[in-house]
Amino acid sequence: MIQIETVETSSLGDRSYLAYDGQVAVVIDPQRDIDRILAMAGRLGVRITYVAETHLHNDYVSGGLALAKVTGAAYLVAAADEVAFERVPVSDGDAIAVSPAMRLAVVAAPGHTFHHLSYVLDGPDGPVGVFTGGSLLFGTTGRTDLLGTQHAHTLAHAQHASVRRLADLLPDGAQVWPTHGFGSFCSATQSDAPASTIGREKSVNPALRLEADDFVTQTLAGLDAYPAYYAHMGARNTAGADLIDLTPARPADAAELRTRIEAGEWVVDLRSRKAFAHRHLTGTLSFGLDGPMATWLGWMAPWGAPITLLGESAEQVAAAQRELARIGIERPAAMATGTPESWDNGDDTRLGELATATFVELAAARDGRTPHGLPAPDVVLDVRMGNEWRAGHIDGAVHIPLPELPARLDEVPAGTVWVHCGSGYRAAAATSLLARAGRRMVHIDDAYAEAADAGLPIVTPEENHQ
């Protein structure tokens with residue numbers, strides 16, 4: 001009996017898969033930290049004989065080559081992709097006999113990339129499902145602009161055709177197993193379900209409900225910015241990544257932390273944003289490990305810049321180190337654990353706190369009823385992404401998407417700045433950046449959905465076009 005195990009990397013919005021028949025297994029699109037896959041195979045008592053890539057990934061460093069080397073598995077990569085390592089080149093129409101009971105049929109599925117593949121998993125009774133990578137996702141498809149906006153239109157047309165071909169090849173009951181789409185910026189829009197089948201996708205997926213031109217128009221119109229570190233992933237995966245190094249980073253004492261902060265380096269506090277607001281080491285930046293830390297930090301920090309990690313425990317720092325290594329940030333410059341009081345070298349003047357507020361308190365403050373202890377807002381800064389802003393925003397707010405903020409700090413108007421995002425996580429990062437720059441801040445730690453109910457005037461898309 002064929003079974004599928006899913007390895008989720010929720011912080012990046014991706015899934016890897018291990019399909020097995022009780023003796024041997026094939027792994028699809030493994031993440032960089034292959035110890036998770038090896039441990040799973042060990043628990044199941046199966047031997048990994050094949051590792052398959054649906055495409056050269058843009059959002060993470062693949063662990064495929066390293067996993068194939070460690071296990072002795074055959075490494076399946078699109079024949080049309082030019083890579084710098086040994087692999088088994090596969091193309092549309094190829095069939096891979098993983099075992100007598102399990103077979104992979106290779107299907108060309110261009111769209112997310114030019115040479116993208118999907119793998120249909122066949123069992124003794126026919127197709128079980130399809131590993132779709134960045135092609136057919138749950139209720140959506142992979143974005144088509146990651147290889148350059150000049151290719152986006154052509155690839156969107158190809159994406160439409162690829163999804164339709166998969167739907168024609170497979171029965172309605174076949175499972176769909178995508179790699180992207182669970183918060184990943186590789187997805188054109190966000191997934192709408194935890195699982196799906198070909199039959200369900202026929203009823204909900206725009207690629208299967210819209211004609212090609214309408215699908216292309218809708219897909220391209222919905223695309224927003226994607227993380228800057230994506231620019232480095234394709235080249236890294238083309239070259240082939242070796243084994244990951246997750247040995248502990250070098251500890252830094254309080255004096256070194258001060259030197260790094262004064263040099264303007266990225267010294268990152270991994271604690272929750274509430275803990276950061278209560279007390280933090282001045283000059284540090286809030287990227288809590290309880291949110292998509294790697295995505296936003298990897299997007300905003302200059303590529304190759306030294307990053308120092310501060311956590312409550314060695315385990316917290318190790319978890320962050322693993323997250324960053326998945327996107328090619330190999331080794332932290334240094335690390336420290338404990339509390340802000342243990343990082344200040346006995347100098348309380350190096351400790352700071354951030355005022356926090358809700359949208360109800362912002363509404364009151366804008367009406368001249370500033371809550372006790374909070375400075376009146378001179379500026380409301382919205383750091384959500386462009387599509388979020390266009391869908392609706394607070395009247396009079398200034399918009400600078402979070403990833404652009406480090407280069408646009410001087411564009412934030414003078415005065416006290418109240419910062420918000422969609423839930424509070426990105427606003428915490430923005431607030432810490434502005435505080436490091438010497439600005440007076442209030443962090444709105446609240447869900448944007450509460451803004452209208454708080455009485456704040458919201459500009460809608462219709463009003464944007466008046």
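How many aromatic pairs does the structure hold? I looked this up in a predicted model. The structure holds eleven.

**Entry: Phe 138 and Phe 182**

I took this pair up after the count. Phe 138 is in the loop between strand S11 (136–137) and strand S12 (140–141). Phe 182 is in the loop between strand S13 (175–178) and helix H4 (198–204). The pair therefore ties together parts that are 44 residues apart in sequence.

Buried or exposed? I looked up both rings. Phe 138 is buried, at 2% relative accessible area. Phe 182 comes out as partly exposed, at 23%.

**Entry: Trp 296 and Trp 299**

Here I found a stacked pair. The centres of Trp 296 and Trp 299 are 5.3 Å apart, with 0° between the planes. Both residues belong to helix H10 (residues 293–300). They are three residues apart, so about one helical turn separates them. Trp 296 counts as buried, with 6% relative accessibility. Trp 299 is buried too, at 9%.

**Entry: a cluster**

Which residues do ring pairs link into a cluster? I noted Tyr 17, Phe 131 and Trp 177.

**Entry: charges over rings**

I came back to Phe 182 and found Arg 15 over the face of its ring. Arg 15 is at 3.9 Å from the ring centre. I also noted Arg 436, which lies over the face of Trp 266. Here the distance from the ring centre is 5.6 Å.

Notes: Residues numbered from 1 in each chain as written. Predicted model: local features only at pLDDT ≥ 70, side-chain atom pairs only at ≥ 80, totals over all residues. Heavy atoms only, no water. Phe/Tyr/Trp six-rings, centres within 6.5 Å; stacked < 30°, edge-to-face > 60°. Helix = DSSP H or I, 4+ residues; strand = E, 2+ residues; numbered from the N terminus. Buried < 20%, exposed > 50% of the residue type's maximum accessible area, 1.4 Å probe, protein only. Lys NZ or Arg CZ within 6 Å of the ring centre and 35° of its normal.
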